[in-house]
Every structure is written in structure tokens, then in C-alpha cells.
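Welcome, and take a moment to look over the structure below. The briefing that follows walks through it topic by topic.

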Amino acid sequence: MIDLGRYAGTVLAAYGVSLLLLVGLIWHSVAANARARRNLERHKTDA
Amino acid sequence: MIALLLRDLRLATRAGGGFGLGVAFFLILSALVPFGIGPDRGALAPVAPGILWVGALLSCLLSLDRIFALDHEDGSLDLLATAPMPLEGTVAVKALAHWITTGLPLILAAPVFAILLQLPTRAMPMLILSLLIGTPALSMLGAFGAAVTVGLRRGGLLLSLLVLPLYIPTLIFGAEITRRGAESLPVTTPLVFLGGVTLLVLALIPFAAAAALRVNLR
Amino acid sequence: MSLWEYANPAKFMRTTDRVLPWLVVSAAICVTGGLVWGFLTPDDYRQGSTVKIVFLHVPAALMAINIWVMMLVASLIWIIRRHHVSALAAKAAAPIGAVMTLIALITGAIWGQPMWGTWWEWDPRLTSFLILFLFYVGYIALWSAIEDPDSAADLTGVVCLVGSVFALLSRYAVLFWNQGLHQGASLSVQSGERMAATYRHPLYLSMIGFGLLFLALVVIRTRTEIRKRRLAALQAQEARA
């Protein structure tokens with residue numbers, strides 16, 4: 001384990017918040033894309 | 001062009017036209033600030049230039065959606081768009097009318113509110129000068145925002161979201177001029193910058209606003 | 001064969017179908033690699049372990065600006081040549097740019113707290129990023145407010161152009177304003193200069209990773225927009241039939 005010293009909270013908070021935001025953005029992008037594809041395919045099979 | 005200007009001025013000053021609303025809002029704002037900050041002269045005087053400029057910005061914002069919304073509703077905007085006058089000219093005249101009905105009263109009323117906020121008397125000329133140079137840019141940028149949001153049902157909030165960031169340079173230089181006026185410092189540099197921003201806005205924004213209007217009238 | 005062929009949505013979909021997996025994999029490798037490598041770097045003698053934040057902060061800030069520039073170019077292409085993919089790419093890029101700006105601001109604040117003793121300082125750079133964030137928010141709000149897609153693309157394009165001019169103007173106005181407020185008291189966030197190679201190399205990798213991540217995300221989001229648009233077109237067709 002790396003010793004982060006007295007700034008451990010700072011560093012971990014920065015990484016935590018950033019990764020959370022990035023993961024949220026990626027998840028949102030992928031989910032919206034999957035939804036759009038599903039809707040389009042369902043529409044095609046209906047028609 | 002002059003006919004359009006006169007028509008807009010008549011409409012704005014008529015009952016229900018919202019004339020003077022901006023000034024009244026400005027007055028309330030200037031009266032509220034001391035309640036928030038405290039009546040102490042030493043606390044009010046340093047923030048007065050900034051408060052006055054932010055107040056001018058917000059009061060100007062109040063009446064922006066009126067620039068095109070009413071004409072859009074009753075269809076006269078379509079007539080104006082097909083008129084022989086270029087749409088850029090229409091935008092400029094409309095912004096001018098907005099400035100005369102909102103900016104000019106604001107400038108005339110500002111010294112009174114400046115007294116309420118304990119702005120030193122020696123800063124008055126600079127306050128008026130900076131407002132005189134800066135507010136035309138506010139009206140023109142507002143006309144651009146109004147042109148972009150004219151077709152929207154709930155455009156008011158979006159309008160302020162779009163327009164307020166565009167006001168930042170004018171606000172910075174305008175407040176700086178007034179502050180330097182209060183401290184009797186040389187004002188040439190911010191004055192030149194403020195004038196530059198206004199001229200840039202007046203030269204470029206009519207085209208952007210007219211382009212936005214054409215899209216919205218399609 | 002010209003670049004403009006990619007303006008055809010079908011062609012865009014086919015090409016990105018092939019490119020996207022590679023893009024995703026390389027982005028994942030570079031971002032993870034850059035951040036893990038960065039995390040393993042030794043502490044700075046002045047900043048302690050907080051120096052590790054740089055591997056998030058600088059790439060995010062870099063992307064925040066570059067994404068706006070990309071949106072400006074895409075908007076110009078839409079306005080001049082009316083390629084739909086270009087307008088949709090600009091729309092797809094905006095939320096990514098907003099998140100990058102937010103990451104840069106937040107990591108900066110978290111880093112500033114122990115280093116400068118304050119979460120926020122009205123430093124020219126910080127202020128400019130806050131303004132940039134406001135521009136992103138306004139741009140995204142405008143996209144979601146207009147129903148007709150072509151009008152939305154036109155209007156956001158114009159707003160992007162005007163916004164670019166004013167973002168630049170604000171940048172220099174802010175510089176002036178801060179000097180006017182307190183002379184000489186500037187807190188520099190300069191991190192690229194005089195940086196040891198131990199930090200520089202993972203930083204470069206992280207920058208490349210963030211760039212690839214942006215590309216992958218913008219492609220995915222553009223594909224989403226194209227699919228939504230196609231569905232809407234099909235539905236409109238049926239409604240008429």
C-alpha cells in the first residue's frame with residue numbers, strides 16, 4: 001500500500017469525486033446509446 | 001427605421017409596456033443591499049460600485065424578453081423580417097429602443113441609488129460615464145439572447161442563463177471604472193477596454209441576432 | 001474519398017462500428033495506466049502526496065478547453081456545410097466538456113484547500129473555468145429547450161460562436177480584473193513547467209488517455225443522437241402514412 005501521508009484524505013477525495021463523475025458520464029452515455037438502439041430495433045420489428 | 005423606433009418607444013411607454021419597471025427593480029435592489037450588508041458607511045461604500053453595476057445588469061435583464069416576444073406573438077415580427085429593411089437593422093433599432101426605455105432611465109436614476117449606497121460623490125461622473133458606455137452593449141447582447149429564445153415557451157430563464165455570462169466583460173470593466181473613480185485613480189485603461197467591448201458588440205452582435213431570428217422565423 | 005464522406009450518418013455509423021472497440025480499449029488502457037502510474041509516483045517535496053491530483057486536474061482542464069474548441073469547429077462545419085453529424089457531434093461533446101470542467105474545478109478546489117488554505121480563490125484561471133462552465137451549461141440548456149432539431153443545431157451553433165468570442169474576451173477581462181483587485185497577489189497553478197520527468201511521463205499518458213476517452217465518448221454519444229434522429233424520422237414517416 002502506498003503511504004499518502006497526511007494528505008491521504010485530499011488525494012483520495014479528488015480521485016474519488018473525479019472517478020465518480022467520469023463513471024457517471026460513461027454510464028449515462030452507454031445507457032442512453034443502448035436505449036436508443038433498443039427503441040430503434042423495437043420500432044423496426046414492429047413495423 | 002425611425003418609424004420602427006418610434007413605434008417601439010410608444011409601445012414600451014404605453015400602459016402595460018413595462019416602462020420604468022427596470023428602474024423600480026433597481027431601486028428595490030439598492031434598498032435591499034443595505035439590509036443584507038448593514039447600514040455601515042464603511043461597509044457599503046467599497047461594494048457600492050459592484051452592486052450598482054450588478055443591479056444595472058439585472059434590471060436590464062428584466063425587460064429583455066419583451067424585445068421580440070410581443071412582436072413574435074402578434075406576427076408583426078414576420079412582417080418586419082419580410083420588410084425591405086435588413087433584419088440586422090431591425091435588431092439594432094430594437095436594441096436601441098430597449099436601451100432608450102431601460103438603459104437611459106437607469107443611467108439617470110443611478111446617481112440617486114449611488115447616494116443610497118454611500119458611493120463617494122467624486123465617483124459619480126465615472127459611474128455615469130461607465131454606464132453610458134456599457135449599457136448599449138447590455139441591450140445589444142440582450143437582443144441577441146431574446147432573438148435566440150424568441151420561439152421558446154419558457155424562454156425567460158434560459159435567456160438569463162445565456163445572456164448573463166456574456167455580460168461578464170462589460171461588468172468587469174464598468175465596475176472597475178467606477179471603483180477607480182471612487183479612489184481617484186486613472187481610468188483610461190478600463191475605459192478604453194469598456195469602449196472596445198461595446199464597439200465589438202455593436203458591430204458583430206446584430207448579425208448573430210439576425211441569424212438567430214431567421215432560424216426562429218423559419 | 002474525402003473527409004466529408006463521414007458527414008453521411010450511415011457511413012459514420014459503419015466506420016465508428018469498426019473503430020469504436022479499439023478506441024474504447026486504448027482509452028481504458030491509457031486512462032487507467034496514466035492514473036495508476038501517476039498514483040505510484042513519489043511524493044513531491046513541497047506538495048506531498050497532493051501532487052498526484054495533477055494527473056486528473058491537468059488532463060481534465062486541457063480537455064475542457066479543447067472540447068469547446070471542437071464544438072466551435074463542429075458548429076462552424078454545420079453552419080457552413082450543413083452536415084448533420086457535425087451538429088450532433090457538437091451536441092454530444094457538450095456534456096463531456098461540462099463534466100471535464102467540473103472535474104478540473106473540483107480537483108482544483110480539493111487540492112487548493114491544503115495547499116493554498118482555501119477551497120476557492122478568485123484567481124484568473126479559476127474564474128475563467130467557472131465562466132467556461134457557465135457557457136457549457138447555457139449551451140446544453142439551449143439544446144434541450146428547442147424541439148425542432150435543425151433549429152436547435154442552428155441556434156446553438158450561433159450561441160457557440162458568440163460564446164467563444166466572449167469566453168476569450170472574459171478570459172482577458174478577468175486577467176485585468178484580478179490585477180485591478182489585488183496587485184501581485186497571484187496564486188499560480190502552473191504545473192507543466194519545471195516538472196520532473198517522473199511526473200511528466202505519467203501526466204502525458206493521462207492526457208492521451210483523457211483525449212481518447214473523450215473521442216470514445218463523443219463517438220458513442222453521437223451514435224446515440226443519430227439513432228434518436230433516425231427513430232424520430234421513422235415515426236414521422238409512419239404518422240404521415
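A residue is called buried if 20 or more other C-beta atoms lie within 10 Å of its own, exposed if 12 or fewer, and partly exposed in between, with C-beta atoms placed from the backbone. By that rule, 45% of the 241 residues of chain C count as buried. Please keep in mind that this is a predicted model, in which local features need pLDDT of at least 70 and side-chain atom pairs count only at pLDDT 80 or more, while totals for chains, interfaces and linings use all residues. Residues are numbered from 1 along each chain as its sequence is written, and chains are lettered from A and ligands numbered from 1 in the order in which they are written.

**The chains**

- Helices (H or I, at least four residues) and strands (E, at least two) are DSSP runs, numbered from the N terminus.
- Chain C has six helices and zero strands, giving the pattern α-α-α-α-α-α along its sequence.
- Two residues are in contact if their C-beta atoms, placed from the backbone, lie within 7 Å. Among the contacts in chain C with a separation of 6 or more, 80% join residues 24 or more positions apart.
- Chain A holds one helix and zero strands, and 17% of its 47 residues are buried.

**How the chains meet**

- Two pairs of chains are in contact, and chains A and C share the most contacts.
- That contact takes 25 residues from chain A and 29 residues from chain C. On the side of chain A that touches chain C there are 16 nonpolar, seven polar and two charged residues.
- Here Ala, Val, Leu, Ile, Met, Phe, Trp, Tyr, Cys and Pro count as nonpolar, Asp, Glu, Lys and Arg as charged, and the others, Gly among them, as polar.
- Between chains B and C, 21 residues of chain B are in contact with 24 residues of chain C. H10(B) gives the most to the chain B side, with seven residues, and that side divides into 18 nonpolar, one polar and two charged.
- Chain A and chain B do not touch, and their nearest C-alpha atoms are 23 Å apart.

**The largest nonpolar core**

- A nonpolar core is a set of buried Ala, Val, Leu, Ile, Met, Phe, Trp, Tyr and Cys residues joined through C-beta atoms within 7 Å.
- The largest one has 148 residues, and those touching the most other members are Leu52(B), Leu141(B), Phe144(B), Ala147(B), Ala209(B) and Ala212(B). Helix H3 (residues 84–116) of chain C gives the most to this core, with 17 residues.
- Leaving aside residues up to four places away in sequence, Leu52(B) touches residues including Ala110(B), Phe113(B), Leu127(B) and Thr178(B).

**Helix pairs**

- Axes are lines fitted to C-alpha atoms, for helices over the stretch in contact, and angles run from 0 to 180 degrees between N-to-C directions.
- H9(B) and H10(B) pack at an angle of about 150°, with their axes 9 Å apart, which means that H9(B) is roughly antiparallel to H10(B). Angles under 35 degrees count as roughly parallel, over 145 as roughly antiparallel, 65 to 115 as roughly perpendicular and the rest as oblique.
- The contact of H9(B) with H10(B) involves residues including Phe173(B) and Ile177(B) from H9(B), and Leu191(B) and Leu194(B) from H10(B).
- In chain C, the axes of H3(C) and helix H4 (residues 124–145) come within 9 Å and cross at roughly 150°, so H3(C) is roughly antiparallel to H4(C).
- Where H3(C) and H4(C) meet, the residues divide into 16 nonpolar, three polar and one charged.

- In helix H4 (residues 66–73) of chain B, Arg66(B), Ile67(B), Phe68(B) and Asp71(B) are buried. The buried residues of H4(B) pack against helices H5 (76–82), H6 (87–116) and H7 (124–149) of chain B.
- Just after H4(B), Gly75(B) takes a positive phi of about 85°.
- Most residues other than glycine have a negative phi.
- Gln118(B) is not a glycine, yet has a positive phi of about 65°. Gln118(B) sits in the loop between H6 and H7 of chain B and counts as partly exposed because it has 17 C-beta neighbours inside 10 Å.
- Ser184(B), also not a glycine, has a positive phi of about 55°. Ser184(B) lies in the loop between H9 and H10 of chain B and is exposed, with 11 C-beta neighbours inside 10 Å.
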